[in-house]
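Biologist: I would like to learn how to read a structure, one feature at a time. Could we start with single residues and then turn to the whole chain?

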Amino acid sequence: VDELATIRRPAALADILERTAALEFTMASEDRTGALLRSLAASKPGGRFLELGTGTGVATSWLLDGMDSASELISVDSDPRVQESAGQVMGSDARLKLVTEDGAAFLKHHVPDSFDLVFADAMPGKYEALQDALRVVKIGGFYIIDDMLPQPNWPADHQPKVAALLQTLDALDDFEIAKLSWSTGIVLAVKC
Ligand SMILES: C[S@@+](CC[C@H](N)C(=O)[O-])C[C@H]1O[C@@H](n2cnc3c(N)ncnc32)[C@H](O)[C@@H]1O
């Protein structure tokens, strides 16, 4: 099955991808991750969503595409250069708030159980400040990460970090964990 052939992309994505290429930003999410995020966003009407690592806004556009009009998304990045590009395309969407801040600092000043979905796509919330990211997920909410299957661009010391992260997630007793061989390798965790 060629699942990529049938995925409907968000209307904003073509423009975002052009800008992403112009900025030579190579860390953007791919379509299967986006499609999964969109479905998860659609499962939470009136939801509150958090993306750590906006980049140029690729996953942001997929999340917005699944969200209803009462939902809101905060997307955080420490690099204004790439995040501004996301703002140029989606900044007029009232459901989106772009925050330029270190992801770990952002997590520190948020109360527990405040988001229906956290897409942790930066070092903070994943390899750093993991417990802070898990803390802000609501009961029944999703914590989701990608890039968990070996990728050609990984530095030599990355594989042990991935293994350690998976071990930590597996040991959590307040999350149900599913490891998906989908896209770049997804972990989908639901707080219980
Ligand atoms: C994998 S990319 C994000 C890709 C994006 N989510 C997408 O779907 O295309 C990681 C992003 O994390 C940002 N980043 C790196 N360190 C960060 C930090 N300490 N706090 C917040 N963002 C950070 C980078 O600027 C980069 O844009």
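Biologist: Is Leu23 buried, partly exposed or exposed?

Modeller: First, note that this is a predicted model. Buried means under 20% relative accessible area and exposed means over 50%, with partly exposed in between. Leu23 has a relative accessible area of 23%, so Leu23 is partly exposed.

Biologist: Where does Leu23 lie, and which residues is Leu23 in contact with, leaving aside its neighbours within four places in sequence?

Modeller: Leu23 is found in the loop between helix H2 (13–22) and helix H3 (31–42). With neighbours within four places in sequence left aside, the contacts of Leu23 are Thr56, Arg81, Val82 and Ser85.

Biologist: What separates the C-alpha atoms of Leu23 and Ala120?

Modeller: These two residues are 97 apart along the chain, and 22 Å lies between their C-alpha atoms. Ala94 belongs to the loop between helix H5 (80–90) and strand E3 (96–100). Its relative accessible area is 82%, so Ala94 is exposed.

Biologist: Where are Glu24 and Ser183 in the chain?

Modeller: Glu24 sits in the loop between H2 and H3. Ser183 sits in the loop between strand E6 (175–180) and strand E7 (186–191).

Biologist: Now a residue in a helix. What can be read from Ser61?

Modeller: Ser61 is part of helix H4 (residues 58–66). Its relative accessibility is 4%, so Ser61 counts as buried. The Ser61 side chain reaches the backbone oxygen of Val58 at 2.7 Å. Apart from neighbours within four places in sequence, Ser61 is in contact with Pro10, Leu13, Ile16 and Met90.

Biologist: Turning to the whole chain, how many helices and strands does the protein have?

Modeller: The protein has eight helices and seven strands. Its radius of gyration is 16 Å, close to the 16 Å that the globule rule gives for 192 residues, so the protein is as compact as a globular protein of that length. The C-alpha trace spans about 40 × 35 × 35 Å along its principal axes.

Biologist: What share of the contacts joins residues at least 24 apart?

Modeller: Take the contacts between residues at least 6 apart in sequence: 67% of them join residues at least 24 apart.

Biologist: Last, how many positive and negative side chains are there, and how far apart are the centres of the two sets?

Modeller: There are 17 positive and 29 negative side chains, and the centres of the two sets lie 3 Å apart.

Key. Residues are numbered from 1 along each chain as its sequence is written. This is a predicted model: local features need pLDDT of at least 70, side-chain atom pairs count only at pLDDT 80 or more; totals for chains, interfaces and linings use all residues. Side-chain values use heavy atoms; hydrogens and water are left out. Helices (H or I, at least four residues) and strands (E, at least two) are DSSP runs, numbered from the N terminus. The radius of gyration is taken over C-alpha atoms; the globule rule is 2.2 Å times the number of residues to the power 0.38. Contact means heavy atoms within 4.5 Å. Lys and Arg count as positive and Asp and Glu as negative; His and the chain ends are not counted. The place of a charge is taken as NZ of Lys, CZ of Arg, CG of Asp or CD of Glu. Buried means under 20% relative accessible area, exposed over 50%, partly exposed in between (1.4 Å probe, protein chains only). A polar contact is a pair of N or O atoms within 3.5 Å; within protein, one must be able to donate a hydrogen and the other to accept it, and residues adjacent in sequence count only if both atoms are side-chain atoms.
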